[in-house]
Amino acid sequence: MNHWIAAPFLLPALTACVLVFVRTVPAQRAISLLSALTLAAIAGGLCLGHGNAPARVYAMGNWPSHLGIVFVLDGLAALMLVLTGVVAVAALLYASRGWDTRSRHFHALFHVQLMGLNGAFLTGDLFNLFVCFELMLIASYALLSHGDGSARLRAGLHYVTVNLVGSAVFLIAVSLLYRVGGTLNMADLGAALANAPEADRPWIRAGGLMLLCVFLLKGAAFPLHLWQPAAYGSASAPAAMIFSVLTKVGAYAVFRVSSVVFGATAAAPHIDAVVQPLALLTLVVAALGAFSAKTLSRLVAWLALASSASVLVGVGTFSAAGAGAAFFYALPSTLALAALFLLADAIADARGAPWGDRLQRAPRMHGATALGLWYFAAAIAVSGLPPFAAFLGKALLMQGIGPSPWGWGIILGTSLLNVVALARAGSRLFWSIADVPCPGEPAAARFERLGGLALLGAGVVALTVAAGSVQEFTREAARQVAMPSGYVASVLGNRLKGWTIRIEVPEGGADR
Amino acid sequence: MTTTASLVWVFGLPFAGSFLPLAFARRGRTLIAWASAVGPIGALMILAGAAPSVFDGQAPSYSVPWVPALGLQFALRLDGWAWLFAALILVIGLLVILYGRYYLSADDPFGRFYALLLLFMGSMLGIAVSDNLLLLIFFWELTSLSSFLLIGYWNSRADARAGARMALAITGMGGLALLGGALVLQQMTGTLEISRLNEMGPEIRAHAWYPVALVLVLLGAFTKSAQFPFHFWLPNAMAAPTPVSAYLHSATMVKAGIFLLARLYPALSGTDEWFYAVGGAGLVTLVFGAWQATFRHDLKGLLAYSTVSHLGLITLLLGLGSPLAPVAAVFHIINHATFKASLFMAAGIIDHETGTRDMRRLGGLWTFMPVTGALALVASAAMAGVPLLNGFLSKEMLFAESLALERGGFVAWLIPMAATAAGIFGVAYSSRFVHDVFFNGPPRDIDRTPHEPPRWMRIPVEVLVVLCVLVGILPQVSVGRLLDVASRAVLGAEPPAYSLAIWHGFNVPLLMSVIALAGGVALYFLLQSRALHAHVGGALTGHALFEKLIHALDRTSGAFTRATTDGTLQRQVAVTMAVVLVAGGAPMLAGLPVWTATASTPANPIAFVGWAVLVVATIAVVAAHRARLTALILTGAVGLIVSAVFAYYSAPDLALTQLVVEVAMTLLMLLSLGHLPAATPRESVTARRARDGVLAALCGLGLGAAAWWMMTRGGDSVSVEHAARSVPEGGGTNVVNVILVDFRGFDTFGEISVLVTAALGIVALLARPSDPVPVPVAEDDADREPALVMLSRIILPPALLVSVYIFLRGHNLPGGGFIAGLVSGVALALLGLGSGQGWRHRMVRIDFHKVTAAGLVIAAATGIGAWAFGQPFMTSAHGAVHLPLIGELHLATAALFDLGVYLVVVGVIMLVLDHLSAVRRREAA
Amino acid sequence: MEALVASAIGILTAAGVYLSLRGRTFPVVLGLTFVSYAVNLFIFVAGGIRLDAPPIVGLAPSMTDPLPQALVLTAIVIGFGMSAYLVVLAIRLRAADGHDHVDREPDPDEDVAAP
């Protein structure tokens with residue numbers, strides 16, 4: 001029994017507990033960072049070790065999968081774990097620049113966030129997915145309101161309220177599906193729904209579409225994106241960095257659930273048809289938002305919207321090619337986004353009040369050259385221009401969704417808008433200089449900043465160089481999710497195993 | 001077909017070399033310049049090494065897969081055309097490096113300039129040698145980016161910033177269009193390999209998508225090569241330092257578009273679409289550019305528009321489609337690069353020496369700088385197409401081809417006419433460049449006495465001018481072979497017979513040249529006499545359009561964004577619910593099975609009474625929600641009824657939990673009311689209330705219907721198995737509890753983690769980081785209600801006893817750690833509220849952070865403990881004990897887990913209440 | 001009986017939705033409380049409603065579906081944590097803004113004191 005599969009969930013959990021006991025900040029930083037590094041390492045190990053082998057099941061409590069809760073490790077899940085781990089390390093590095101002292105329990109909350117994220121990627125149980133979402137959310141609530149400022153608090157209130165509505169919808173949908181399928185395990189449920197009587201069809205569709213609403217709310221797809229720009233735009237930098245992974249969970253859940261749970265049902269087409277058009281609309285909305293942004297952090301928030309929307313565009317095909325491209329694209333664009341969120345904060349500090357990261361003429365900031373170079377690189381990387389992997393990702397994405405005038409037109413048009421917006425922002429931040437001494441903090445290249453950026457940058461470069469093999473990996477991983485027979489076999493196989501063991505062994509399953 | 005990896009270094013060396021100027025950034029300008037030259041020189045050597053095989057008509061190539069699925073190979077190919085283009089880039093690049101050393105002033109960031117220049121050079125060379133369309137686009141975009149940075153080099157100048165952004169926007173658009181075109185071509189042919197595409201010309205041109213692909217590719221080429229109507233970014237790019245203008249914006253980068261057209265000539269050319277699109281754009285650009293150039297007062301402005309015009313000329317040649325035209329195009333690319341680069345450098349020298357580029361202020365410079373004057377004279381003569389100079393030859397070829405066109409109708413005479421007209425303007429602005437600057441009276445308005453530039457600054461100009469003359473006089477000897485292999489590579493076939501002679505006898509092209517020369521000179525002096533200097537340049541149509549577009553985008557995007565995401569919560573919630581309503585409702589439109597079902601359980605009076613109370617209370621809350629205390633109490637009542645409903649429908653655990661949670665929540669809300677206004681003002685207008693009412697009604701209807709359907713549908717569930725295996729394997733008769741702590745204990749673990757996190761979040765919200773754990777002071781124990789104090793203290797012991805009892809029975813009967821925790825928590829809280837936090841703290845000295853975390857640790861540890869027995873997380877250990885006699889041991893781990901839950905709940909409640917009351921005190925203080 | 005429960009759920013939902021669309025934090029909190037009442041009942045009745053059939057082995061001849069009950073328990077607890085957080089957030093926002101409207105910017109006239 002391979003316990004490593006549970007580690008990405010348990011390690012942050014324990015770290016969070018320990019961090020509550022630790023009082024001194026340096027100790028907290030050390031533990032938190034160490035744990036995050038370990039987490040990233042474990043994730044990498046799982047990703048390389050498991051690769052795209054058939055999905056592996058970890059049965060919590062060793063119950064058969066339909067009775068208990070299972071974690072399922074497959075290629076895509078492993079990949080997302082790695083992404084989360086890397087971004088987490090970068091964010092924590094940057095947080096130890098001082099964000100983590102602005103209010104209590106930052107590190108503990110951050111690790112709960114990781115717990116929720118990793119759980120959401122791994123779990124094979126619909127209701128447990130809800131629980132993981134809630135973990136993710138409660139942590140993000142706290143991280144979002146972390147630090148003060150009434151704008152941030154209000155953004156927090158909106159975020160919490162809207163997501164509480166989302167959680168309610170999630171529960172309603174789960175109940176409906178449970179009533180039809182009589183089970184909560186996704187694979188099991190999928191099989192049950194496939195055999196459901198004709199009369200249940202409308203209810204299955206309703207449940208499916210409502211679940212889709214929840215996931216699209218998390219993934220901030222039009223028209224459920226309204227909460228996102230304010231929330232991400234006003235979140236503290238480290239929080240925003242990890243949030244750039246958060247919205248990807250929406251796309252991931254859409255892909256996973258609609259193929260495993262609804263893939264075999266008559267409801268599937270009705271659900272799948274909705275995703276891509278909405279995602280394309282979101283791209284347009286995001287581009288317009290980015291174009292009109294007044295601060296860098298808000299601009300990046302809109303780009304985060306665009307990034308998750310692009311992923312949804314690919315996922316919307318529910319094909320190996322489309323979704324594979326989408327998740328390939330997700331990797332560099334998420335790293336670049338995290339870097340940009342970091343830079344927005346660093347630039348705001350370097351420029352100081354009252355300019356902050358407002359896109360307007362200001363005194364020359366401290367360490368402008370270094371920050372400028374980083375900004376230029378990150379902007380290129382996020383807007384999908386060469387030489388970075390997101391360019392390949394974008395091309396793969398277009399190839400993956402097939403020749404569609406609307407799809408290609410919107411993808412190309414919006415990326416042009418984003419390029420213009422980023423260029424304008426850059427020229428206002430770094431080129432348009434007022435001859436006044438700068439009040440900002442004269443921190444040239446702080447180690448934490450550099451560390452975070454260097455890690456993210458290295459990630460992007462690595463993805464670019466190894467693009468070929470990474471692309472093959474994501475494509476195969478996506479294929480296994482899109483055609484989940486292998487996944488279902490492993491999970492339900494565990495169910496059978498459960499039975500046989502129970503039948504053989506007398507009183508009290510000493511085997512367990 | 002020789003394969004060689006050394007091709008990589010053709011662009012690899014300049015890229016690598018771009019670090020040198022940065023490394024030497026502090027070491028003096030000359031050293032930096034030399035360091036910068038290292039990369040290009042190395043690349044040039046490689047090129048020279050490859051020359052023999054290339055001139056034999058072979059094409060060394062190199063290919064490694066990059067992203068095979070994408071069709072992206074790292075494929076390089078050095079045929080004649082690529083060789084010519086690369087050589088052009090490197091030679092002129094080296095001259096520019098030398099020139100720039102003397103052009104830039106000491107306070108310009110030198111290292112950065114050369115680094116960017118080399119980055120650009122590398123990208124440009126990449127374009128030249130790519131044999132994969134996507135790889136070419138990869139380098140293509142890199143040139144746009146480096147050009148952006150180079151135009152914005154003097155970024156303190158607003159025009160530099162604007163020019164840079166405009167160039168990036170236009171060429172960026174082209175690049176994206178080109179990407180689209182490439183992918184369309186791939187969809188059509190299944191390959192992105194340029195040499196393969198060129199072999200598949202007929203299939204491509206026959207394909208239904210050919211027009212789409214053509215338009216997209218042309219968009220890319222035209223924007224890059226500043227063809228009308230995308231030309232306007234080029235004049236605005238003149239804000240760049242002159243070496244950059246000479247290099248990027250006349251000699252190389254703007255040729256990339258044309259290079260691509262020539263590169264894909266066999267694949268795309270030869271159709272009417274091609275003729276009209278390419279030829280048309282070229283023709284318009286040729287004439288428009290020449291005409292505009294004549295009226296520029298800025299030297300660089302004149303050269304910029306003349307560049308536009310000459311690019312148009314080349315495009316036109318490629319568009320004509322007559323057999324010899326491409327050869328002429330290739331030839332003119334060489335010629336234009338030489339004379340235009342030298343002219344830009346001359347303009348730079350003039351600017352450098354006189355401090356202005358405005359021809360209205362210059363004049364009579366011949367006396368001060370005769371050598372430069374002579375060079376400029378020759379170069380502009382070449383530009384004008386004067387015999388014995390290279391410009392003459394290629395322009396002759398254009399005239400010849402425009403006549404040789406076998407097409408009836410208006411094009412037959414339109415093109416020669418236009419070509420001649422353009423020739424006239426070309427001569428006019430060339431004459432102006434010389435006359436207005438070097439003659440035409442003494443300097444009109446210069447603040448210094450100009451003199452010849454430093455020796456080495458003139459060298460590049462001299463080299464280029466010599467080339468102009470050399471090619472002009474001995475074309476066949478100088479560039480014959482090169483032109484031959486290059487054209488061969490472009491055509492992908494044997495080029496038609498042609499002679500690079502100066503003299504073809506008296507013929508129509510010669511006549512056209514004469515007309516152009518005479519007419520041009522006449523035109524110029526005519527204009528000069530008509531106060532050319534007073535002429536005010538008309539509006540740059542394209543430029544104005546672009547600005548308008550950007551502003552429109554600004555306005556609309558701003559308006560749209562403000563209108564949609566105005567950040568009001570009420571809208572967000574309303575939209576969310578509406579969307580969910582649609583999602584849930586739409587499938588029902590297919591027709592509902594729901595009303596056919598019938599109730600299985602008959603209603604009875606108790607149920608009716610409960611229902612009535614609940615409905616009344618709910619309506620009362622809505623009606624009276626503005627009086628907050630009332631609303632809160634009524635809400636509590638509803639909560640109690642809900643718990644009663646649970647109890648009534650055989651869910652004792654739920655009933656208990658709902659009850660205690662209700663108490664705790666009400667307690668919290670009561671506390672919170674102290675921090676919030678006592679009443680809700682009447683704000684929302686009737687329309688809004690109506691909208692919300694409808695939305696609410698629909699949601700209620702939907703959920704009610706769904707509930708009805710679920711209850712009447714019935715059906716089986718895996719929980720049958722839970723029930724069956726609860727006692728033998730879960731070791732408990734209370735199935736719900738066994739599910740919570742064993743079957744789905746992992747959910748519970750997550751659930752208590754949520755609880756802990758909520759508590760930590762609340763602490764983070766309430767406690768400023770500086771604050772220690774709130775330790776209340778004694779005075780808030782003063783003037784307490786004695787009865788309340790007594791009550792709160794009396795309640796505690798029995799409450800704790802009860803919770804212990806509830807805890808212990810939990811696994812077999814309703815109860816369990818959670819409920820027990822809530823009971824003790826609430827009791828402790830009451831103790832605090834009744835007798836004052838200070839007293840409570842003195843009685844119970846505990847940091848509830850630790851309690852909470854400890855609870856979670858215990859729960860986790862219990863789960864992990866299973867690992868010791870080689871079991872997965874959360875495996876309850878009772879099965880691991882093989883002795884049936886001590887059967888009660890089989891509760892051990894589950895109970896331990898439940899203990900964790902208990903601690904978490906107690907800790908959470910106390911944490912929250914402690915901090916709330918701490919806040920209350922801080923506000924009081 | 002089912003009709004009663006269904007209608008009750010409907011009414012609770014309607015009340016919750018209406019209140020959560022109000023403009024002040026307190027009614028929003030109440031509204032979400034009502035929504036969670038409704039949703040909890042909804043999950044619960046997914047297992048059908050039965051009298052005198054508690055899911056305890058050997059206590060009654062028949063047994064109602066225990067799984068939804070377990071789910072509701074989890075949902076209640078999570079809901080409790082969430083609402084608690086929301087309430088405190090509301091308090092904090094009121095203290096920072098000087099008013100308790102969910103959208104409006106801080107009141108300049110009122111003195112803004114962070115708790």
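How many residues of chain B are in contact with how many residues of chain C? The count is 101 residues of chain B against 81 residues of chain C, where contact means heavy atoms within 4.5 Å. This is a predicted model: local features need pLDDT of at least 70, side-chain atom pairs count only at pLDDT 80 or more, and totals for chains, interfaces and linings use all residues. Residues are numbered from 1 along each chain as its sequence is written, chains are lettered from A and ligands numbered from 1 in the order in which they are written, and side-chain values use heavy atoms, with hydrogens and water left out.

**View 1. Chain B against chain C: buried area.**
About 8200 Å² is buried between chain B and chain C. Buried area is the accessible area (1.4 Å probe) that two parts lose on being put together, summed over both. Carbon and sulfur atoms give 78% of the B and C total. On the chain B side, B:Y649, B:M711 and B:L765 lose the most area to chain C. Together they make up 9% of what that side buries.

**View 2**
Two salt bridges are counted between chain B and chain C. A salt bridge is a side-chain nitrogen of Lys or Arg within 4 Å of a carboxyl oxygen of Asp or Glu. C:R22 pairs with B:D692 in a salt bridge, with the closest N and O atoms 2.2 Å apart. Helix α29 (residues 686-713) of chain B gives the most to the side touching chain C, with 16 residues. Helices here are DSSP runs (H or I, at least four residues), numbered from the N terminus. That side of chain B divides into 62 nonpolar, 27 polar and 12 charged residues. Nonpolar covers Ala, Val, Leu, Ile, Met, Phe, Trp, Tyr, Cys and Pro; charged covers Asp, Glu, Lys and Arg; the others, Gly among them, are polar.

**View 3. Chain A against chain B: buried area.**
The contact draws 119 residues from chain A and 122 residues from chain B. Chain A and chain B bury about 10400 Å² between them. Of this, 74% is on carbon and sulfur atoms. A:R104, A:W203 and A:W431 supply 8% of the area that chain A buries against chain B, more than any other three residues.

**View 4**
The rule finds four salt bridges across the interface of chain A and chain B. A:D200 and B:R713 meet in a salt bridge through their side chains (2.6 Å, N to O). Helix α6 (residues 150-181) of chain A gives the most to the side touching chain B, with 12 residues. By class, that side of chain A has 75 nonpolar, 27 polar and 17 charged residues.

Technical notes: Helices (H or I, at least four residues) and strands (E, at least two) are DSSP runs, numbered from the N terminus.
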